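Try each task before reading its solution.

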Amino acid sequence: MRRGKRHNPILTLMIAAFLMGLLLTTGLSAKAEGTEDIGQEGKKEGATFTVGFDAEFPPYGYKDENGEYVGFDLDLADEVCRRRGWTLVKQPIDWDSKDMELSSGAIDCIWNGFTIQGREGDYTWSKPYVDNSQVTVVRGDSEVQKMSDLAGKVVIVQADSSALAAFTGEDATPENQALAKSFGELQQVADYNSAFMNLEAGSADAVCLDVGVAMHELTNRGAEFRMLDEIISTEQYGVGFKLGNTALRDQVQESLDEMAADGTFTKIAEKWELQDNVCLKADQEESAEEEEEKKEEAKEDAKEDAKEKKSFGERFINVTKQLGSGMLASLGIFFLTLIFSIPLGLLLSAIRMSRFAVPRWIAKIYISILRGTPLMLQLLVVFFGPHFIFGLETSSGYRFIAVIIGFSLNYAAYFAEIFRAGIEGIPVGQREAADVMGYTRTQTYWKIIFPQMVKRVIPPVTNEIITLVKDTSLAFALAYTEMFTLAKQVTAAESSIMPLFVAGLFYYLFNFIVAAFMSWVEKKMKYYEKRPRGTGHGST
């Protein structure tokens, strides 16, 4: 009888995987070679200018109710691009990864209330354009009236923020260091919305933050909170470029100086009620009376806006619309990950059970690494690895590709072990019987082993798929805005936790549908349990 070669299917798949990897590497190299390195030559008209910013940092950068990224810094960048003939790309980033984003070339600058003090030698800076202060916000009914009253209290700051540096940094004053030691606890959170949620819930007594952000939060949240009169520290904001990139810095600074001279800078600052904080001002300032009138008008406008309260239904619909693009992004990650990771998992399981020691151990080590390290770390390696290992420039267009590669490689390792367990759980007698009946190994696998394995692994695969739905939120490690990240941005802009509830509802409903579908598939595959009694062979 004719027998198929047992290693042919595996070998074919290995060759295909190798060719795909080679094609991807070649594509990245070609892209890097074809990209003009204009970092030290400035940018020409028609070029793109990618600004990295924290999308949860109003009023400097955030997402408005129309789903657009807006803010004081983004308006400045937009005007610079208009004058230079550039195309502005607003790129939300994970603030903890800002240095890797800039170093890899994924963004051209960090422009988002970025403090110069303490970072002078780490970046090439523009001139300071905002004088900023660190202030303290407490609840409206709090007994805290001055900073010394915070002794023994819980104080919150944002991670890697100027407020944190003012208390614990190398340049912190002895007074602030002593004040920090008097706190009951100095907690760090990822964003200011989380800080205010803690303050509102009573789990914290005060939030220390930038005065511009504080004013925005107080305007949105009303009399629920108040700001202390004392100032913790002062600093200046600038635009941070990659160290040594003076050409691009000079181009941006030239436009900013022009904007300051013709009054455009001041108008943008007034739009965001930051005119009292800016450093770059026009030579001819308006009179004090005119400025005071504008302040009063702004206050009246804020009061009118506060009166216009939308109903719960209107707010829910509005928030859902804003999260629509994020939902589509999460769905894209989910389905593409399944499309690539399941076949790759089958390949890995086959290699893992191979009779050849070398590929078997390679697969075993791969699975061990991918299952033993955080998915977020793997995403960072996939995106930033080409730059830090091979010196290649990574573009913003590569973000989504890196997300899919990272997720697919990670989940393939988990699926591989599930598939292997399903295959090895099938009695060896079935393989021997198929061999006696003349089946080739390929026929045995696809016609006898594979269908039974699929039925056995549906429950654990369902668990992994449900986990994948929730893990899509980790895509923002690469500054890719999926649904949960978008929900946090909307929450920060509206000072409301409703977007987070809508996001939670989306995850629950989607997982409910996934679980129901997989349950239906599992029932369909239990065909042997549906056979009526008395209809088997030999029945009478």
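Helices (H or I, at least four residues) and strands (E, at least two) are DSSP runs, numbered from the N terminus. This is a predicted model, where local features need pLDDT of at least 70, side-chain atom pairs count only at pLDDT 80 or more, and totals for chains, interfaces and linings use all residues. Residues are numbered from 1 along each chain as its sequence is written, and side-chain values use heavy atoms, without hydrogens and water.

**Exercise 1.** Find the helix that holds Tyr508, and decide whether Tyr508 is buried or exposed.

*Solution.* Start with the helix: Tyr508 lies in H19 (residues 498–524). Next, take its relative accessible area, which is 54%. Buried means under 20%, exposed over 50%, and partly exposed in between (1.4 Å probe, protein chains only). Tyr508 is therefore exposed.

**Exercise 2.** Which residues of helix H6 are buried, and why can they be placed on the same side of H6?

*Solution.* First list the buried residues of H6 (residues 192–201): Tyr192, Asn193, Ala195, Phe196 and Leu199. They share one side of H6 because their arc around the axis is only 155 degrees, taken from the directions from the helix axis to the C-beta atoms.

**Exercise 3.** Which strand gives the largest share of the lining of the largest cavity?

*Solution.* Strand E6 (residues 109–115) provides the largest share, four residues.
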